[in-house]
Amino acid sequence: MRVLHQSAAALYVDVAGRCVGVVAPLAAQVPCALRLPAQVSGVSAQQVLAVGATSPYVERGTLFLAGNPLRVGRFVDVRVPRIDLGRVLRAASPRIAEARPPRPAAAGLAALQPLPSRIDAGVLRGLVGNGGGLTPLGDDVLCGWLAVLVATDHLTDDVTAAVRGTLDRTTLLSATLLDCALHGEVLPEFAAYVAALATPAEDAAATALVAIGHTSGAGLWWGARHALASLAMENAA
C-alpha cells in the first residue's frame, strides 16, 4: 500500500483508492482510521507507527505494518447524532445567527465568504481543495456542513452526487473524509458537539472541537454553524 502521510501519531495509507488511517490515542480519531491503544503487545503505539511505513500491505482484509497484522478488536460508532432541528433552533437561534469564525481559522474562512445557504456547483468549486495541508480548510467546512445535513435529514441525492463528482480535486484523505461526512461519519469531538447543541455543555464541546488540528476543528465547527443558520433561515421563511 502507498503511504500518504506519516507522523509520530498517525499513518495514512492508500487502500484501493481510499485513505485508511492508523492513529495513536493522541492523534485525531478520524472516522476512516484504525485506532491503536496506547500499547500494542507491550510496544507503544508511536513505536508501531514509527516502523509502520515499511512496506505496509493488505492480506485477506487485514492491514499489515512491518509484517505485523493489525487485527480489529472492536468497532466504534462514528455516526453523527440525530439533531432535533426544531428544539435546537428554538433554543439557540440567536446564538446561531451571531456565531463568528473561531480565531485559528478566521483569515482562511474570511476568504471563503460569503457562503450561500445551499450547496451547489459554485459552492463546491470554492470549497473543495481550497486550502493547504492534508485536509484543506474548505473541505473541513464542507464536512461539517454535510454532517449537519445528514443529522437533520436534509442531505439530498443531488448534493451527494455533486460532492462525489469533486473528490478528485482534493487530497485522498480529505476526499475520504468528505465521503465519510456524506454517510454521517464524523470525529468523536464533532459527534459530542452535535449532541451538546442547545445544552449547557455546548460551549465546552465547541472548544474541544475547535482545538483539533491547526484549523480542521474550526472549519468543521464553522461548517456546522453555517448549516444550522441556513436551516434556521429556511424554517423562518
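First, the ground rules. This is a predicted model, in which local features need pLDDT of at least 70 and side-chain atom pairs count only at pLDDT 80 or more, while totals for chains, interfaces and linings use all residues. Residues are numbered from 1 along each chain as its sequence is written, and side-chain values use heavy atoms, with hydrogens and water left out.

Now the whole chain. The protein chain has ten helices and nine strands; these are DSSP runs numbered from the N terminus, helices being H or I with at least four residues and strands E with at least two. Its radius of gyration is 18 Å, close to the 18 Å that the globule rule gives for 237 residues, so the chain is as compact as a globular protein of that length. That radius is taken over C-alpha atoms, and the rule is 2.2 Å times the number of residues to the power 0.38. Along the principal axes, the C-alpha atoms fill a box of roughly 60 × 35 × 30 Å.

Of the 237 residues, 47% are buried, where buried means under 20% relative accessible area, exposed over 50% and partly exposed in between, with a 1.4 Å probe and protein chains only. Contact means heavy atoms within 4.5 Å. Among contacts between residues at least 6 apart in sequence, 63% join residues at least 24 apart.

How many of the eleven residues of α7 are buried? Ten are, so to speak, under cover, among them Leu173, Asp179 and Leu182. The elements that cover them include β2, β3, α5 and α6, which spans 157–164. After α7 comes Gly184, with a positive phi near 75 degrees.

On to the pockets. Rolling a probe the size of a water molecule over the atoms shows where empty space is left. Here, on a 1 Å grid over the protein atoms alone, a pocket is an open set of points where a 1.4 Å probe fits, with protein on both sides within 12 Å along at least five of seven lines; lining residues have an atom within 4 Å of a point.

The largest pocket holds about 1,000 Å³ of space, a volume being the space filled by probe spheres set on the points, which are joined across faces, edges and corners. Its lining has 34 residues, and Ala33, Leu34, Arg35, Arg71 and Val72 lie nearest the centre. Elements giving two or more residues to that lining include β3 (18–23), β4 (33–35) and α1 (45–52).

The second largest pocket has a volume of about 550 Å³. It is lined by 34 residues, with Tyr12, Ala28, Val30, Thr135 and Ser216 nearest its centre. Which element gives the most to this lining? That is α5, with five residues.

Last, the rings. Phe, Tyr and Trp rings (the six-membered one for Trp) pair if their centres lie within 6.5 Å; planes under 30 degrees apart are stacked, over 60 edge-to-face, and the rest tilted. The count is two aromatic pairs. Tyr57 and Phe64 have ring centres 4.7 Å apart and planes at 5 degrees, so they are stacked. Tyr57 is partly exposed at 32% relative accessibility, whereas Phe64 is buried at 12%. For Trp221 and Trp222 the centres are 6.1 Å apart and the planes at 35 degrees, so that pair is tilted. Both tryptophans are buried.
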